[in-house]
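Please look over the structure shown here.

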Amino acid sequence: MAPPSSESSSVLRLTFFAVLVIALFVSLFARLWFLQVLAGDRYVELADSNRLRTVITEAPRGAILGSDGEELVRNRPALTISADRRALLDDAGEPADEEAARVLERLAVLLELDVDEVIERLSSQRRSPFRPVPIEIDVAPEIVFAVQERRELFPGVVPETLPVREYPQGSLAAHLVGYIGEISEAELLRPDFADYRAGDLVGRTGLEQSYEADLRGTAGQRLLVVNARGDVLDVQRDRDPIQGADLVTTLDLDLQAATEELLVDGIEASRDIQRDDGQFLPSVAGSAVVLDARSGAVLSMASYPSYDPREFVGGVTHAYLAELLDEENESPLINRAIAGEYPPGSVFKPVSGAAMVEGGQITPRGTVECAPAFELGGNTFRNWNRGVNEGPMDLADALRRSCDTYFYELAFDQWLAEERQEDPDEVLIDVAERFGFGVRAGLDLPGEKAGRVPGRDWREDYWLNNRDDYCRQAELADPGTAARVAFTDLCQYGGLWRGGDAVNSSIGQGDVLSSPLQVASSYQAIANDGVRMRPHLGGRVVAPDGSLVREIEPEVIGDLGIDDQTLAVIQEGLEEVVMHPRGTGRSAFADFPLDEIPVAGKTGTAEVRPKVPYAWFVGYAPVDDPKIVVVVNVEQGGGGSQTAAPIVRNIMAHYFGVELAEEARFEAGEEILD
Amino acid sequence: MDVGYLQDRDQRRMREHVQSRWTEVYAPIRHLDPVLVLTALALSGIGFVAIYSAKLVALTTQGLPTTFYLSRQLMALAIGVVVMVVVAVIDYRHVRVYSPAVAVLALVLLGLVLSPLGTEINGSQRWIVLGGFQLQPSELAKLAVLITVAALLHDSDGEPGPGTVLLALLVTLVPTALVFLQPDLGTSIVFVWTTAVLFLLGGVKARYLVGLVIGGVIAVIVALQTEVIESYQLSRLTAFMDAGDASAAQTTAFQTRQSLIAVGSGQFAGKGLFEGTQTSLSYVPENHTDFIFTVIAEEFGFLGGSVVLGLLLLLVWRGLRIAILAKDTFGMLVAGGIVAILSLQVFVNVGMTIGIMPVTGIPLPFISYGGTSLIVWFGLIGLLLNIHMRRF
């Protein structure tokens, strides 16, 4: 037996050991308490996110159709090579094993891609791991055959068909249709994209964007219970995707094609026109709008240069996008018909004429001498028709002959009257707004510009923003030079709205800006006896089963608010522009059956110094019962009568069946630089 | 004569009657520890439920009978109870005499495991397959180390000298090395720990103990430097530290992370039997063997986990009590050593499932699926009973 001392020593040692063991158990209890009671909620969430997976099935997007039901955009099944991420990649995004690495390499060779690129696409976090990830959309059938015939070489690779956007009409109406693209991270953060998920396609421009909510449909959703290996054990919720609704537009696809063709032909042909200085017209770009004169529906709309929306299917290349965004190429992505802002020039004259009448400067039949020039404070404002006194004119005559001095004089009188007022009532701004200038028309396309009708407030704001620059320029300029004088004046009095500003605005020059759509919309109101309709492209939205979701009814924006006589005189003047032998627009319609289809219109030649002037023509027909309003603008196209009017003439000839677009030729009109 | 004879016989009868009553009081069979046995059986019972729940869905999807693991474990329990009875019946002091033979047997079996006769599972060669049963010799070696070292210390009679300590180290380190080569880092740690506790309890001088600890630390550092420990083992040892990081996708960290989710999501009262999603959807790998505690913690919560730890603590208490009551040093050391093995295994195993210990392949005594482990543990219970019964 051990001695007593050893006895007590061994009890001591056992006690020490017991304390050690108890400490171990206490630490287990403490940690367990923390995990299960204190942090338990967090782990419950983690356990749920482990076992529940949401799988989204995209809904096929709705089609976009012309007014007669012909398809502009639809979905097409595209052969696609997809791959199962879970079979080929491990959790770190590397090939799962050597076999997987070989499969990825074969796939890369087949698709003519880098292996890294294949892996990157496969591991894109924008895609759900519970459906095959598309590696290449729209591949050649041979590639699909290659995979199908040698399945053993491509385990985990899935050939499938996915719906992609297809354009049966080619690039027709590209600016109106727009295109779709993957939603960006910035957009995903915005509340209006709350129900979107990464990887979703969203309308980027055009009707694809403005009717996104209708076209998109509702994605299908399945809530899966999955085990650790990713096997699906149960489906907790299953909702099938609902296909997006179709949009039937107001576009007349035949007219749309004709408009595009005639615009391009006209612009290109006009480049053969030689100017007085021997240079050819640049005619770099242009646009056209055809509205239904009664409803405001857009029948066709074209912008030149254009682009091919088919390049955007499955993701646009950087090179093509850069080409489209390059200003050297005149920025083909821009829809000039709604986003181009130009001085309206003489097409603005019905507006300023109505304003002078409303301002009390003249009656519709009152006359003003159409002098060769108007003198104001040492400046000479000339009529376009240099040196000729055309005699006394009323408003109708002034429109027919596009007489600048008529408007100069009245605008100056109006300015004087306003200057005498305590709080000047700027009639032109009010009237122009009723005609649709300086405000958006509310067309159902994104990117519409409001243009500008300047006045005293605008001038002062503009001056306040630029005064420092003016004053610095004044100091930098050498004393005694014209620049010194001009900048010193601007520095000190640049905030003043002067008579010269009012005179320039009256003929749509100076700081007035407008889009072709605004011009079309204002003439639609004139043609429609003063009632302005909202221009619109959407006709109706139709569910996949053919039932009507909603009809987009024509909507009155407002009335021009001018008295009947003024409107009648304006209409008369516009009619004479084309119908009268001395009308500025006459020459372009020389061989048009005007006795059967009388046409009203207005020429315009907007000065954008130092560039060649921009050509405008806007017209409506038939005069007695207007059906369509047509506007054409050609950037650096010279005189409106010369370049724009013949294009309008050809569009009208096509519309009324006089001469189809295929047979039409561009015949330049008389050069009138009004 | 007759009277005398009769008188003498009566006296002898009386004496024998008294004697037999006296001996009956001290008869081993009258000194069983029912708390010990019932606690062990209760833990096994909980283990059966947990194993059944852990594999219910997986076996159903594989089309196997849901009692596949349960029936094997029940058979092991039956064998274990027989082993417990046999071990309890033979006086443990005989075991001391035969301890060299047990040690040799264990070494031979450990050698066989590493030979081509052994079976490799999951990259470790730990088993010998005998007629459909997998034998895990390292479990037997655990017992061998325990009784050999205890016998050596007993023989030195409370004053172990350097020779005894060196011999005991040799007896420990040879099987430790063999188990380490399997590789089974966890079990080799158990061997070293067992001998360390036995040194503490067996009266090895404090300065030797300190020297051995320092030597051990140096040995571990050298092992790490010379990459004796394979990198996967090292990463398993360190992975638990960054298990909270969601990006940690490596296998061990995944195991630990899923284990933490299972335990944590059990909360206070648990999700209910068969309701554990981490368990039934196989998110926690090996949740019928090494990670069995996650099943209990997920489905029965903090309450269930506490009951299991409480029952294990009850075993610890009974074991320590037996060590204190033991008649001789050998009994005290064996009982203390069993408590040492039990508490280390519980701490390492449960600690691993709750992220405070590295992942090593150590089963939870009485609960983890595994026949050899269960049989050995009932054998150890038998040994404790043996020491308890013969404490006078």
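Which residue in β23(A) stands opposite Gly619(A)? Val630(A) in β23(A) stands opposite Gly619(A). This is a predicted model, in which local features need pLDDT of at least 70 and side-chain atom pairs count only at pLDDT 80 or more, while totals for chains, interfaces and linings use all residues. Residues are numbered from 1 along each chain as its sequence is written, and chains are lettered from A and ligands numbered from 1 in the order in which they are written.

**Strand β22(A) and its partners**
- Helices (H or I, at least four residues) and strands (E, at least two) are DSSP runs, numbered from the N terminus.
- Two strands pair if DSSP finds at least two bridges between them.
- β21(A), residues 600-606, pairs with β22(A) in the antiparallel sense over seven bridges, and Gly601(A) stands opposite Gly619(A).
- β22(A) is also joined by seven bridges to β23(A), residues 628-635, and these two run antiparallel.
- A hairpin is formed by β22(A) and β23(A), with six residues between them.

**Burial of β22(A)**
- A residue is buried if 20 or more other C-beta atoms, placed from the backbone, lie within 10 Å of its own.
- Eight of the eight residues of β22(A), residues 614-621, are buried, so the strand is largely enclosed by the rest of the structure.
- On one side the buried residues are Tyr614(A), Trp616(A), Val618(A) and Tyr620(A), and on the other they are Ala615(A), Phe617(A), Gly619(A) and Ala621(A).

**Chain A as a whole**
- Chain A has 23 helices and 23 strands.
- Of its 674 residues, 43% are buried.

**Nonpolar cores**
- A nonpolar core is a set of buried Ala, Val, Leu, Ile, Met, Phe, Trp, Tyr and Cys residues joined through C-beta atoms within 7 Å.
- The largest has 130 residues, and Val629(A) and Leu291(A) are among those that touch the most other members.
- Helix α23 of chain A, residues 640-655, gives the most to this core, with eight residues.
- Another core, apart from it, has 115 residues, including Leu70(B) and Tyr369(B).

**Where chain B meets chain A**
- Two residues are in contact if their C-beta atoms, placed from the backbone, lie within 7 Å.
- 41 residues of chain B are in contact with 35 residues of chain A.
- α12(B) gives the most to the side of chain B that touches chain A, with 11 residues.

Definitions and conventions:
Buried ≥ 20, exposed ≤ 12 C-beta atoms within 10 Å, placed from the backbone.
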